[in-house]
Protein chains: 2
Amino acid sequence: MKREGNPTIRDVSCKANVSVATVSRVLNNQPGFSEKTRRKVLKAIEELGYHPNQVARGLVSRKTRTVGVLFPVVSSMFSAALLQGIEAEANRRDYGVIVCNMGEKGGRFERVVGMLAEKRVDGLLFVSEWLDDRFAERLKALAVPVVLVSTGSPGSPFPYVKADDFQGAFLATRHLLEAGHRRIGMISGPPEDRIAGSPRIEGYRNALRSYGLAPSDRDIAVAGFDFHTGLKAAGELLDRSPDLTAVFAASDEMAAGVLACCYQRGIRVPDDLSVIGYDNLSLAEMTSPPLTTVAQPLERMGQTAMEMLLAVMEGGEQPDSLLLETSVVERFTVRKILK
Amino acid sequence: MKREGNPTIRDVSCKANVSVATVSRVLNNQPGFSEKTRRKVLKAIEELGYHPNQVARGLVSRKTRTVGVLFPVVSSMFSAALLQGIEAEANRRDYGVIVCNMGEKGGRFERVVGMLAEKRVDGLLFVSEWLDDRFAERLKALAVPVVLVSTGSPGSPFPYVKADDFQGAFLATRHLLEAGHRRIGMISGPPEDRIAGSPRIEGYRNALRSYGLAPSDRDIAVAGFDFHTGLKAAGELLDRSPDLTAVFAASDEMAAGVLACCYQRGIRVPDDLSVIGYDNLSLAEMTSPPLTTVAQPLERMGQTAMEMLLAVMEGGEQPDSLLLETSVVERFTVRKILK
DNA sequence: CTGAAAGCGCTTACAG
DNA sequence: CTGAAAGCGCTTACAG
């Protein structure tokens, strides 16, 4: 007598006096059973507390209803916000999501991709890391749908969803301009970062030009998107260009860094210096004063990316990449300069 | 000719001219093959780029090398820090982790547990939510190892790893006391929260008593651990007890809330009011001034919990629960009062 | 040391 | 409408 572990489809078929094939049919709602059998089967399932074994299902259907998500680091607020949207959508569609840490420089990429491959995930989300050619090749070789989140470019080998970095930076800078600022500095990410680096610098420069201002490299200090390098860069920038009345930081963490720098130096925000950030993490409302920033719809980006991935997985066609709009959310770090 | 998809053990056995049983043996390093066959097999595996199908393996071995992690919400900085440690340890041991959002009040608990059950995860981590009896029953019925993270109590049905809340609050308050403060308020979580609520309140009270001070309920304002309720509670507390010289907030977010409250009211921190937080999230170093707080070793808690879970899963014995020590990390929000 | 066979829990033609 | 059988890709007794 087999009385341990989970009941199997076999147990159900015995109890309901039908074949396992029939049970499988009602389970999967496939044509081919009478209303009467359906009831018998459902009753047996109910009584046994039967739940189909996805592992067995996966073996024959070649679908695991599981996707993998690759993050450079899962613990950042940025990753966390995306993951929230990703998980929510996956759950809604009855998928499981396996999260993986690639390491900042992708050092664990090969290892986690190997694991995901052996687990036969149905698809992959690759988040926010410059996708180098070796990685792209590896992902293509996997032969599972991949969508890029918060990275990707026109020539990308995979569809992507990201926010418009150029536009976001342009909006941030224009917001400062419209508030009357003319001496505007920037804390940027690395210019060689073709995703979140150079496009935001260009957005900043273009906004300046659109107001007839000449951008100068001296007004840009480069950091690494995090708080500490942002703080340091802020110090350098303010030393170098003490006449700045406003600073655009290309991430909220870096903006918190300039707030900290101002705090240390007794510079009042926004009275003496205005600052605007980028991302709209929860951090942005927790600073003092609360940070004006440009919002990337992170949670929605995560959700949208998952929808897109599901569409490829289930539908098969390659969807178009998506460039989401950003918007500035006003809080209290930007001062309007009166003429 | 079968030339698509991943190569199977069958392909390897053909190419190496041995049986699949033999291939399986060398794969799993089981006794029963000569050095010569081993080489043949390895060569075939290499040439084919073969990787065992974990789904098929899982079906027979009843091991998926996958664990589930239940969070109330994955996007908090708190969850993110834990997840970092959890994922790192899992990856090191070659396990995959599926993250699930239960919803703040556990509304999606049943749904995600069902999914995890169907996927036949080998174990479960339940994070930081009051584990009510219904949930506990459900988890027990799953018959897979479970470890609680950042929750749990002596009578717990599952082993847990958490930080010592009473001690942490005691340390925070004593730190204030030692700095010379005597009028110390608290922003607490809900007293009915028996994990992070009442124990921290008791730690605060006990520290006061140990200095011969009588704790008063008027000096405690209740909030919900998040920034916004913390901000609100801070306002109420300062209205009610304007003579406070220091405030202990039971989370960093709430501490950021009291910083914000002070900022709005022109109260200088730490000159006019000292504040100490709880958690030591990355947020704590990004506030201005940087927040003195008591550190919960979140990443290590995640790692330790995963180690513990793996031990139960692979070893079978029930490990002892772990109560980790906290420590205060000094930054710049506490002023020493000179006699 | 090695292989044939059964079986893990399902789904899916194929017959009837 | 229903069932017997094959098969998904492995592992594991059982023989030899």
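## Getting our bearings

One more thing before we start: what you are looking at is a predicted model.

## Who sits near DNA strand D

Let's begin with the DNA. There are 25 residues around DNA strand D, and the ones that come nearest are A:Ala21, A:Gly32, A:Thr37, B:Ile9 and B:Ser24. Which helices supply at least two residues each of the surface near DNA strand D? On chain A, look for α2 (20-27) and α4 (54-61); on chain B, look for α2 (20-27) and α4. The one that gives the most is α4(B), with five residues.

What about the kinds of residue here? The surface near DNA strand D splits into 13 nonpolar, eleven polar and one charged.

## Where the two chains meet

Now turn to the contact between the protein chains. Chain A puts in 46 residues and chain B puts in 46 residues. On the chain B side, two or more residues come from each of α4 (54-61), α5 (77-92), β2 (96-101), α6 (109-118), α11 (252-265) and α12 (283-286). Which of these elements gives the most? That would be α5(B), with nine residues.

Sort the chain B side of this contact by residue kind and you get 25 nonpolar, 13 polar and eight charged.

## The overall build of chain A

Chain A has 13 helices and twelve strands. Its domain assignment gives domain 1 (9-52), domain 2 (66-163 + 298-323) and domain 3 (165-296). See how domain 2 is written as two stretches, 66-163 and 298-323. Taken over C-alpha atoms, the centres of domain 1 and domain 2 of chain A are 37 Å apart.

How does chain A fill space? Along the principal axes, its C-alpha atoms take up a box of roughly 85 × 40 × 30 Å. The radius of gyration of chain A is 26 Å, whereas a compact globule of 339 residues would have one near 20 Å. Buried residues make up 51% of the 339 residues in chain A. Then there are the contacts: among those in chain A between residues at least 6 apart in sequence, 70% join residues at least 24 apart.

Most residues other than glycine have a negative phi, and most peptide bonds are trans. Here are some spots that go the other way. In chain A, a cis peptide bond joins A:Ser288 and A:Pro289, with omega about -5°. Look for A:Pro289 in the loop between α12 (283-286) and β10 (292-295). Chain B has a cis bond from B:Ser288 to B:Pro289, with omega near -5°, and B:Pro289 lies in the loop between α12 and β10 of chain B.

As for phi, B:Asn17 is not a glycine, yet its phi is positive, about 60°. You'll find B:Asn17 in the loop between α1 (9-16) and α2 of chain B.

Definitions and conventions
Residues are numbered from 1 along each chain as its sequence is written. Chains are lettered from A and ligands numbered from 1 in the order in which they are written. This is a predicted model: local features need pLDDT of at least 70, side-chain atom pairs count only at pLDDT 80 or more; totals for chains, interfaces and linings use all residues. Two residues are in contact if their C-beta atoms, placed from the backbone, lie within 7 Å. Helices (H or I, at least four residues) and strands (E, at least two) are DSSP runs, numbered from the N terminus. Ala, Val, Leu, Ile, Met, Phe, Trp, Tyr, Cys and Pro count as nonpolar, Asp, Glu, Lys and Arg as charged, and the others, Gly among them, as polar. Domain bounds come from an automatic or database domain assignment. A residue is near a molecule or strand if its C-beta atom, placed from the backbone, lies within 6 Å of it. The radius of gyration is taken over C-alpha atoms; the globule rule is 2.2 Å times the number of residues to the power 0.38. A residue is buried if 20 or more other C-beta atoms lie within 10 Å of its own, exposed if 12 or fewer, and partly exposed in between; C-beta atoms are placed from the backbone.
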